[in-house]
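Please read it with the sequence and the structure in view.

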Amino acid sequence: MTGEFERRHGFPPGTNEVRPASRADRAAARALAQVSLIPADLVTFYNSIGDVTWADVGNGYFLDAASDVLLRLQEYGVVDVGADQKVHGLVIGSNGGGLSYVAGPDGSVHRTRTAPLDEPEFDKVADDLRQFLELLERSLARFVADGEPGSL
């Protein structure tokens, strides 16, 4: 299977996993819970899931560990999401092609249109984390079935 993947894509397979949360991940999730703009379902997610790395699905799909989200928040602050740029969100991952996923305080998930986060433009990709995770799952299923990762 590894040889087939490498022939098809031109590089060897990378890491593809959903890592369970460790004690440190749960501590970071508790620290994130203290931030008023984090959706409750994201805290629940981070209490169970450490991170998601699907390096080989298209350019890749990555949901960062709670500690990485917290560090980014401490170093760079929140990202302004929405047409009026008055709604603040947290960068929670990326698509491996330079675009970031941002969770809004209402639980919605947005994707940047361009890589830089200094003046980002967004597209709403899901109304909540559950819908976003379902879209990720569909992207994985599609990739396994026909090699196309979808447009998430």
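Is Tyr46 buried or exposed? Tyr46 is buried, with a relative accessible area of 1%; buried means under 20% relative accessible area, with a 1.4 Å probe and protein chains only. The model is predicted, so local features need pLDDT of at least 70 and side-chain atom pairs count only at pLDDT 80 or more, while totals for chains, interfaces and linings use all residues. Residues are numbered from 1 along each chain as its sequence is written, and side-chain values use heavy atoms, with hydrogens and water left out.

**Aromatic pair**
- The whole structure contains two aromatic pairs (ring centres of Phe, Tyr or Trp, the latter by its six-membered ring, within 6.5 Å).
- The ring centres of Phe45 and Tyr46 lie 5.4 Å apart with planes at 65°, so this pair is edge-to-face (planes over 60 degrees apart).
- Phe45 is also buried, with a relative accessible area of 11%.

**Nonpolar cores**
- A nonpolar core is a set of buried Ala, Val, Leu, Ile, Met, Phe, Trp, Tyr and Cys residues joined through side-chain atoms within 4.5 Å.
- The largest has 32 residues, and among those touching the most other members are Phe45 and Tyr46.
- A second, separate core of five residues includes Val79, Val91, Val102 and Phe122.

**Contacts of Phe45**
- Leaving aside residues up to four places away in sequence, Phe45 touches Val52, Leu63, Leu129 and Leu133 (contact means heavy atoms within 4.5 Å).

Technical notes
Rings of Phe, Tyr and Trp (its six-membered ring) pair if their centres lie within 6.5 Å; planes under 30 degrees apart count as stacked, over 60 as edge-to-face and the rest as tilted. Buried means under 20% relative accessible area, exposed over 50%, partly exposed in between (1.4 Å probe, protein chains only).
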